[in-house]
Amino acid sequence: MSRSSSSLAMDRLLAIMAALRDPQSGCPWDVEQTFATIAPYTIEEAYEVSDAIQRGDMDALKDELGDLLFQVVFYAQMSREAGGFDFEEIAQAISEKMERRHPHVFGDAEIADSEAQTRAWEEYKAAERAEKGETAAPKGALDGVALALPALMRAYKLQQRAARVGFEWENAAGALEKVHEEIEEIRAEIEENAPHDRIEDEIGDLFFALVNYARMVGVTPEDALRRANDKFLARFRRVEARLAERGKTPETSNLEEMDVLWNEVKHMVTAKKGS
């Protein structure tokens, strides 16, 4: 697509959004929306983009990216109606930010590798905050990690921030030992018939420790859990299929029978991977 075609496509999308939000002739649902009501849809669309990528479905990815772009257009339209920024200002702001934070690409600076770029990126962000007068109160090393992030992702980012200032295990073995320690603490609380909130605390600590170990061995916990979910779903469906061959359903079966079938399915999949 040429540059002029891209501009026409973007102008068309902006015009569609304006029409949808028209108080007289627009769509009632779109007219009623606010920043707060649209935010959950934005998160959902971002996950659907990720899902399409995980499945390697490029047609779906194109559609999902369009849905995500539409979310940005939605926010821009609502802001423009209130006398605030518009889509052009959003695009201009991110363009300026990317050029400013990549002087090794758009200027004369030199960056050795991605790790050096990560450090430089944080320095650029700090300089930008200082320019905006946001230095009245000192910022902590963990400030700025969004509260609305999924818990696994937020734990991952908090640990990344802590590691940058040296609060880190010397190696992954130490992090794995912490996982085992947390498991034992859960077992102790359960054996003592501890209150629910104490058990919940310990299980939370275990999740946090697992995220830390995953990070240290180069695994993104969100991706790992997504794969585990998909694997469980596929195996359970195979168990259901085996039961159906016997004229049964999970409801008319029992745990012992389903466990036998689960292990059969598991071994069958493992054998296929090894062949």
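In the predicted model, phenylalanine 232 has a relative accessible area of 48% and is therefore classed as partly exposed. Phenylalanine 70 is partly exposed, because its relative accessible area is 21%, whereas phenylalanine 74, at 1%, counts as buried. In the pair formed by phenylalanine 232 and tryptophan 262, the ring centres are 5.4 Å apart and the planes meet at 45°, so this pair is tilted. It joins distant parts of the chain, since phenylalanine 232 belongs to helix H11 and tryptophan 262 to helix H12 (residues 255-274), 30 residues apart.

Helix H4 (residues 58-81) also contains glutamine 77. The relative accessibility of glutamine 77 is 8%, and the residue therefore counts as buried, the cut-off for this class being under 20%. When neighbours within four places in sequence are set aside, glutamine 77 is in contact with Met17, Ala18 and Arg21.

Attention then turned to helix H10. This helix comprises 21 residues, which at 1.5 Å a residue should span 30 Å; the C-alpha atoms at its ends are 30 Å apart, in agreement with that expectation. The buried residues of H10 are Glu202, Leu206, Ala209, Val211, Asn212, Ala214 and Arg215. The elements covering them include helix H8 (151-164), helix H9 (172-191) and helix H11 (221-245).

Together with Ile203 and Phe207, Leu210 forms a nonpolar patch on the surface, and the three residues have about 260 Å² of accessible area together. Glycine 204 is likewise found in helix H10 and, at 34% relative accessibility, counts as partly exposed. Between glycine 204 and glutamate 115 there are 89 residues of separation in sequence and 30 Å in space, taken from C-alpha to C-alpha. Just after H10, glycine 218 adopts a positive phi of about 80°.

Note on methods
Residues numbered from 1 in each chain as written. Predicted model: local features only at pLDDT ≥ 70, side-chain atom pairs only at ≥ 80, totals over all residues. Heavy atoms only, no water. Patch = residues over 30% accessible without salt bridge, like charges linked within 9 Å, V, L, I, M, F, W, Y side chains within 5 Å. Areas by Shrake-Rupley, 256 points an atom, 1.4 Å probe, with all protein chains shown as cover. Salt bridge = Lys/Arg side-chain N within 4 Å of Asp/Glu carboxyl O. Helix = DSSP H or I, 4+ residues; strand = E, 2+ residues; numbered from the N terminus. Buried < 20%, exposed > 50% of the residue type's maximum accessible area, 1.4 Å probe, protein only. Contact = heavy atoms within 4.5 Å. Expected span 1.5 Å × (residues − 1). Phe/Tyr/Trp six-rings, centres within 6.5 Å; stacked < 30°, edge-to-face > 60°.
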